[in-house]
Amino acid sequence: MERNFTLIVLFAALIAVLGLVPPLMLPTGVPVSAQSLGVMLAGAVLGSKRGALAVIVIVAVVALGLPVLSGGRGGLGVFAGPTVGFLLGWIPAAFVTGLVVEKMRNAPVGVAAGAGAVLGGIVVLYLCGTFGMMAVLHKGFGAALGLSLPFIPGDLIKAVVAGWLVTVIARYRPSALLSRAE
Amino acid sequence: MLSLALPGTSWAHRLPAGLKFGVLAVAMAGTAFLRDPLPLAAVGALTAGLYLSLGRRGLRAGATALRPVLWIVGLIVIWQLWLGDPRGALVLALRILAMMALATFVTLTTPLPELMAMIERLATPFARFGLPPRLPALTVAMLLRFIPVLRARLEMLTLAWRARSRRRPGPRLLAPMTLSLLDDSDRLAEALRARGGLTPPRPHKKPTLERRP
């Protein structure tokens, strides 16, 4: 119990710290924040349930008014804004990422983590984000999705990086990969 | 790291947190149904008035919170104007900005300890399902403690990398970062257990003093 708790809190802290890393600029001028990489890692390393709980902690402290989102954002205003779907979508994103790593037991762990990051951190996340925008902006599905499309290349990079990082972690500390432990 | 809440004791700070959250929820639900620019403008003006009552500091904090959405609101407004719907553009911009400003107002005027007290009250009924009542406060406290620790560690790893290479470290430092985090977690869990763990032991029955004749 205590170990799960500390893992969840520490990964939540990692996601917050990644929000402080200055964003990388794509050639298209779209900023790529490292924060959602933290969400993918939480799912891929901790597994579905603990990964989702780590993200729930972050979402909860955003609601409490701590500026833990990239760019120092936070507070209840974020939940009324157009990006609310992406924030709440982090929870299923981490869960699905972890679930894929847990289910693809026979695949190399890096491949599973990369696939999980694409499915959870991109497909599920953008679906949630698009529904959020549809609700806040009163737009159709296509229009809302169009607003977030420029960010997808950056997230694909993050999925590859997540897969590679998990490979490294699995090589040097196989026991640390809780999504594959049992 | 500090909460976004403004220090101070304005009239809004003195209101109970539960009341502010309740009013906010009602206001948000109500605003979502408004389709006309005029009532939305009224809500906006009311919200602006709330910020004015906090003084210059309040206005500045509100503007900082709204800045990140301005580009997306601007984009939608341009789009709506291009579709030939200036009224829709106005309604949309007013609604998003008013709702975000209203929600931010609650965040700005509710100090963290008060929020924690509210959450602890709300969490009490879940104690019977095995949720330790200390958990929310402990989580926030540990998170606040570890964000600067992890930040310093990432900076140290970056320095160590820079001392050895002229290339940018990029995301590779996240590997040692994650590994050290997993090690920390074990030690931290041990420390927690040594201090009684998450679920404090049941209080013993008060020893009754025997009265001796």
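Visitor: What distance separates the centres of domain 1 of chain B and domain 2 of chain B?
Guide: This is a predicted model, in which local features need pLDDT of at least 70, side-chain atom pairs count only at pLDDT 80 or more, and totals for chains, interfaces and linings use all residues. Residues are numbered from 1 along each chain as its sequence is written, with chains lettered from A and ligands numbered from 1 in the order in which they are written. The domain assignment (bounds from an automatic or database source) places domain 1 of chain B at 11–122 and domain 2 at 134–194. Taken over C-alpha atoms, the centres of these two domains of chain B are separated by 35 Å.

Visitor: Which element of chain A has the highest mean pLDDT?
Guide: Elements are DSSP runs numbered from the N terminus: helices are H or I of at least four residues, strands E of at least two. Strand S1 (residues 24–25) of chain A has the lowest mean, 77. The highest, 95, belongs to H5(A).

Visitor: In chain B, where is confidence lowest?
Guide: Chain B averages a pLDDT of 86, with 92% of the residues scoring at least 70. Helix H3 (residues 37–53) of chain B is highest, at 92. The lowest mean, 85, is in helix H6 (residues 112–123) of chain B.

Visitor: Which element gives the largest share of the side of chain A that touches chain B?
Guide: In all, 44 residues of chain A are in contact (C-beta atoms, placed from the backbone, within 7 Å) with 45 residues of chain B. Elements giving two or more residues to this side of chain A include helix H2 (35–46), helix H6 (109–137) and helix H8 (152–172) of chain A. The largest share, twelve residues, comes from H1(A).

Visitor: How many residues of the side of chain A that touches chain B are nonpolar?
Guide: Ala, Val, Leu, Ile, Met, Phe, Trp, Tyr, Cys and Pro count as nonpolar, Asp, Glu, Lys and Arg as charged, and the others, Gly among them, as polar. On this side of chain A, eight residues are polar and four charged. The nonpolar residues number 32.

Visitor: Are H3(A) and H5(A) roughly parallel or roughly antiparallel?
Guide: Axes are lines fitted to C-alpha atoms, for helices over the stretch in contact, and angles run from 0 to 180 degrees between N-to-C directions. H3(A) and helix H5 (residues 84–103) of chain A pack at about 165°, with axes 7 Å apart. Angles under 35 degrees count as roughly parallel, over 145 as roughly antiparallel, 65 to 115 as roughly perpendicular and the rest as oblique. H3(A) and H5(A) are therefore roughly antiparallel.

Visitor: How are H1(A) and H8(B) oriented to each other?
Guide: H1(A) and helix H8 (residues 174–194) of chain B have axes 8 Å apart, at an angle of about 135°. Residues meeting here include A:Leu7 and A:Leu10 in H1(A), and B:Leu181 and B:Leu188 in H8(B). H1(A) and H8(B) are therefore oblique.

Visitor: How many charged residues has the contact of H4(B) with H5(B)?
Guide: Helix H4 (residues 56–82) and helix H5 (residues 86–109) of chain B pack at about 160°, with axes 9 Å apart. Among the residues that meet are B:Ala65 and B:Val69 in H4(B), and B:Leu92 and B:Ile96 in H5(B). By class, this contact has 17 nonpolar and five polar residues. Of charged residues there are none: no charged residues.

Key:
Two residues are in contact if their C-beta atoms, placed from the backbone, lie within 7 Å. pLDDT is the predictor's confidence in each residue, from 0 to 100.
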